[in-house]
Amino acid sequence: MRPMNADESTFDLESMQAGMVRVDALPRDRDQLLPALQAMHEALHWLPREAISYVASHIRMPLSEVYATTTAYSELRLEPPVPGQWHVCTGVACDLAGASTLLEAVPGAAGIDCQFLCALAPVASDEHEQLFGRVSAEALRERVGS
Amino acid sequence: MTTTISPLARLRERYPTPRLPRILIHRGTAGDAVDAARYGASIREALGDRASAVADAASDGANWAAPSATVVHGTFTRRFDRLDLNGIDEVIACFEGDCGDEANYAGTGGRGLTIRLGRNDGTLGDVLSQSAYGALDRALAITPEQLLDAIEKGGFTGRGGAHFPVAMKWRFAAAHSDEPRMLVVNAEEGEPGVFKDRHLLEGDPHRLIEGILIAHHAVGFEHAYVYINGQARAARVAFERALEDAGEAGILDGSAWERSFGLEIHLRSGAGGYVCGEESVILNSIEGKRPVPRTKPPFATDRGLFDRPTVINNAETLCAITTVFENPPPPTKLVSLSGDVPRPGLYEVPVDGATTWAGLLAMAGANPQHVQAILLGGPSGVFVMPNQFEDALEMRVLGAGGTVVLGQNADIARVTRELAAYNMRESCGECTPCREGTARMVQLLERPSDHRDEIGALIEVMTEGSLCQLGGMAGRPVQSALDQVADAFD
């Protein structure tokens, strides 16, 4: 398992404060755990230890349990996102439509599981998770480069 | 005779129908992924001071046609496909009255619960003019018991994959009349290859609200939790807006019918994980516990969310319930169709004993002779082979309706290995058969011909011993591929 602080955890203080304000607005009940983690995640785009710890004390749950829950959700990031990172969907439909060729052609892009836009395969997404359908290697290279 | 205006007529008066003719731009997640917004802007610009006749709508399911726009003149509609290839002059001409001779419209079969997809601009007035809340109005005129009988007679079964009779599940929960009852709407839709609930929520969120309120009339819930896939942001936004509009109109609290429904609707977003579509996992997720499955029994209808009797229904199931008063209710299933076909998209397919796999392929423009197999059900699915293409589609077999068509050049062994790897990544780790079994399966599939017996035994252990259907069904695609095309792995 990954240590909670993979590196010097650096995060934007203002975003952290914005996340804290949103968490504070939620009832201090256990069923608010996921909404609270999501509020932090929306503010910071990832969950540093401090954010998880803040949620744990707000919900009044042990930090270990909150951390365990956090790791179970694939969309909650425990590391800062890579700026400008593009992803290429590698679901079955996108794979059939040449996702691996796209990944070879654009080394800067990373693979990602099904994005549920299968009928517009192959699909890529930008750092803001905006989806692009019927992507060609040329178009993707252009976008990733820009 | 009384001449009082009906509640529905009063609503329709208050929320007027949009003016015609008009142009609907098919946006939504699908449209926006291929720049539909840009073509919408060009059309508005070309129309100048008549631009108010242009409105944004969601996808109508015809993803192959995107980016597209539909011109609506009363009952006559014409969709213009692939605007990136065809330009917008024809769209403008049609709006001005010259639509050409033919109604060039390749549909997705949508005549039941998809009839309003891509045909409305999201406003309450627009969907009310297209019969929204008509079924609720009729349901409220009969007793809960009569409603349950009608649903039973309509033969409605769960559309999330398990095919359980809806009326039976609702009766189980209704029997707990001395306790507060809960409804959980499963719109997590995390099965790769399935995109139906997203389309329903983006394109016709009021239908789900209507389904929820019909279920409420039958069972009587205190709370309803709608659990929407975390990545399906447009679906959530559309549903939130619909909730707000329905609340303001007095639909949610029943005041439009001079009643008090007493139902509180909560919205939750998922945060990823295929296993979160499993119904007991959703319960844990909502309660703030680790998203892992629960042992059954107890069943959710006895002790579910917060230990209360709970009905868990798929979003499509509740949407389908709104057709209960149609005579007869259309026996249709939403099929998310992708892969090697000319027209991939969301299809509403008649499951009437007459439609076959070959028929489905033909709808999507594919020649069955050029198809190697159809993957049905993604990582928990099977490969439907050409010798089965003349079989009729059955609700029981279709599961959640995710189908990926594999053409002649597709590599079934590669697809099978990818699915096994996906199951390994998505296993939540709670039970040993799934956690260890999915990983072992990936190893064995490197050279399956050397390990046929071990693979068979492993599948048996996972099927029988896993806590939930992620592990329980993880062996299906492997078994299916090895049974039918073992050579492909050599």
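Mentor: Chain A has 7 helices and 4 strands, both taken as DSSP runs (H or I of at least four residues for helices, E of at least two for strands) and numbered from the N terminus. Their order from the N terminus is α-α-α-α-β-α-α-β-β-β-α. Keep in mind that this is a predicted model, where local features need pLDDT of at least 70, side-chain atom pairs count only at pLDDT 80 or more, and totals for chains, interfaces and linings use all residues. Residues are numbered from 1 along each chain as its sequence is written, chains are lettered from A in the order in which they are written, and side-chain values use heavy atoms, without hydrogens or water.

Of the 146 residues in chain A, 45% are buried, meaning under 20% relative accessible area with a 1.4 Å probe and protein chains only. Now zoom in on helix α4 of chain A, residues 63-72, where A:Val66, A:Tyr67, A:Thr69 and A:Thr70 are buried. These residues lie on the same side of α4(A), because they cover an arc of only 160° around the axis, counted from the directions from the helix axis to the C-beta atoms. Their cover includes α2 (33-44) and α3 (49-59) of chain A.

A:Thr69, in this helix, has a relative accessible area of 3%, so it counts as buried. Apart from neighbours within four places in sequence, A:Thr69 is in contact with A:Leu33 and, from chain B, with B:Lys289, B:Arg290 and B:Pro291; contact means heavy atoms within 4.5 Å.

Key
Buried < 20%, exposed > 50% of the residue type's maximum accessible area, 1.4 Å probe, protein only.
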